[in-house]
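Hi everyone, thanks for making time.

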Amino acid sequence: MIAIETEGLTKDFPVGFWRPRPYRALDGVTLRVEANEVFGFLGPNGAGKTTTLKLLMRLVYPTAGRIAILGRPAGDPGVQRRIGFLPEAPYFYDYLTAEELLTYFAGLFGIRNPDRRTRVSALLDRVGIGGERRLPLRKFSKGMLQRVGLAQALINDPEVVFLDEPMSGLDPIGRRDVRDIILSLRDRGCTVFFSSHILSDAEALCSRVGMLVGGKMVATGSVSELVAFKVAGWDLVVAGVDPDRLGALGPGVRAVVSMIGGRSALDLAPECEPERVIAAVRDLGGRVVSLNPLRATLEDVFLAQVRASQAASPAGRMMPEG
Amino acid sequence: MPRVLGLIAYHVFKESVRDKVLYNLVLFALLMISASYLVGQLTAGQDIKIIKDLGLAAIAVFGLFISVFTGVGLVWKEVDRRSVYNVLVKPVGRQPFILGKFVGLALTLFVNLAAMTMAVYLVLVVMAWVDPGLAKTAVMEAPVVDPRLLSAVWLIYVQLLVVTALALFFSTFSSPMLSAALTFGLYVVGHFNADLAHFENVVESKTAAVVARALYYVLPNLAPFDVKTAVVHGETVAAGYVLLTTGYGLLYAAAVVALAMLVFSRRDFK
């Protein structure tokens, strides 16, 4: 079952007062997220991640394209009952306490006591808000507000959760807690869609990721699909050969580093055939100690996509007038 | 929907209480007590009338300030601080959100005006108790504790609902400073609106007269809500007049709130 689906999602914002010109924040984004999937929505700052989330939440209206969440259009009250949302750097009514805020939001879903009281208390425990729950939110730090934000996103026991930069503002303990919560949501069958520019989080949590650069989706797939078969190079360690002679083995050898014990480490380019270099080393009277492929990380894939996108559209995202 | 509306309205009231909006009542009480003391020292025979005048005028002014300064921040603050995101993604709806905000501020104003009215009556009762002779002279025109003051307070309240609706409307798309300026501007214009109806008597241009006539119908007509002078002088305001004026005020406020709902439901939250 498809939990989230967008097709050709496009959003233009007018820029300028007297003669506004459209700025294309999002350009034909098509994506599909299966139910019970943890989907990482990755992109550099300003890529359009938050705009996409706002479109999914019906906080902004699309210029073009289609959105379906749980098979129904975004903003449908039936859908709103079944989803949760944590905005980026959330802000809440500072005159309320964390407990009062969650009680208020539970009320908006029609959750009544005693269920409401139990749920509010359990959620605050789960996100690590203890005795502070009766303090006004104006006294909360950024990290604590983030935790309250996560709790309010889960108040209705949602089937799909949208989290905009859920790790931002959190200390290492907070990040680990959020990771645990995301994983527990996945384990109980919840779909999680989260945006981030912290790739290690995505690599650790996501079954699939989408990469957004300059308002366009540039790659989608499972983390293993995106990085597994992309070898970033080879690490070859040899012994019994003078390092100076190794440097002349051909253009594929990017660097030679002398090691103790008469060994040398060769950094080979991905396009280089290690078999050819090994044969050459043997011809020189040396022997191979080890050969390891250097696997590309998600960060390498991400950086390559960003560079490619910037090279492809140097003019930026301002649209022509009219 | 009524549940959601009630919850939003209740939280507007709660916010105003926690943001110390009701502190104005302390200021009002101090004003009334000190005024009654001073008036007693300075005037002879006119004390009660002056206290009634001052009380009603202060209710109108305090109410106006609460209505404008709370009203202009109601929606703008939520959008600016992005707290609105958390509410609108829940099964609330943009239109009930605006309506809830309006009802919440109307409730805050009601509680405020009720408390201020009680304070005025309390001061009048105390004055009559302290000086029983005063009560006798005052009865010539109107009783000291005159229930007719309530019709003036009611019309002040309905007028404030119109002002609140205007403040809320501006708050859906502009900053508090601009919204407050526009709302105060309309409040002032609203008290001179009747002049626009007969503009053709003072200008020759037909176009100007037509524009003035159109403005007369579009802009709020707030002068009829002011019956303070009449009730202080012991005149009874006809029930029909109060009903008709109330009907006009509620209809006008409803139309402005509907417009606010329309603007808000089309807005992109960038």
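Predicted model: local features only at pLDDT ≥ 70, side-chain atom pairs only at ≥ 80, totals over all residues.

Okay, the contact between the chains. On one side we've got 23 residues of chain A, and they touch 20 residues of chain B. Which elements of chain A give two or more residues to that side? Those are helix H2, residues 77-80, and helix H3, residues 98-108. H3(A) gives the most, with four residues. And if you sort the chain A side by class, you get 17 nonpolar residues, four polar ones and two charged ones.

Now, the backbone. As a reminder, most residues other than glycine have a negative phi, and most peptide bonds are trans. So what do we have here that goes the other way?

Start with the peptide bond from Asn113(A) to Pro114(A): that one is cis, with omega near 5 degrees. Pro114(A) sits in the loop between H3 and helix H4, residues 115-126, of chain A.

Arg58(A) isn't a glycine, yet its phi is positive, about 65 degrees. You'll find Arg58(A) in the loop between helix H1, 49-56, and strand S4, 64-69, of chain A. Is Arg58(A) buried or exposed? It counts as buried, because 20 other C-beta atoms lie within 10 Å, and the cut-off for buried is 20 or more.

Glu165(A) is another non-glycine with a positive phi, about 50 degrees here. Look for Glu165(A) in the loop between strand S7, 160-164, and helix H6, 172-187, of chain A. Glu165(A) is buried as well, because it has 21 other C-beta atoms within 10 Å.

Last topic, the cores. The largest nonpolar core has 144 residues. Which residues have the most contacts inside it? They are Phe162(A), Val192(A), Ile156(B), Ala165(B) and Val257(B). Helix H8 of chain B, residues 149-171, gives the most to this core, with 16 residues.

Let's zoom in on Val257(B). Leaving aside neighbours within four places in sequence, Val257(B) is in contact with Ile98(B), Leu99(B), Phe102(B), Ala165(B) and Leu168(B).

There's also a second, separate core, with 10 residues, including Leu236(A), Val238(A), Leu246(A) and Leu266(A).

That's my tour, so over to you.

Conventions
Residues numbered from 1 in each chain as written. Chains lettered and ligands numbered in written order. Contact = placed C-beta atoms within 7 Å. Nonpolar A, V, L, I, M, F, W, Y, C, P; charged D, E, K, R; others polar. Buried ≥ 20, exposed ≤ 12 C-beta atoms within 10 Å, placed from the backbone. Core = buried A, V, L, I, M, F, W, Y, C linked by C-beta atoms within 7 Å.
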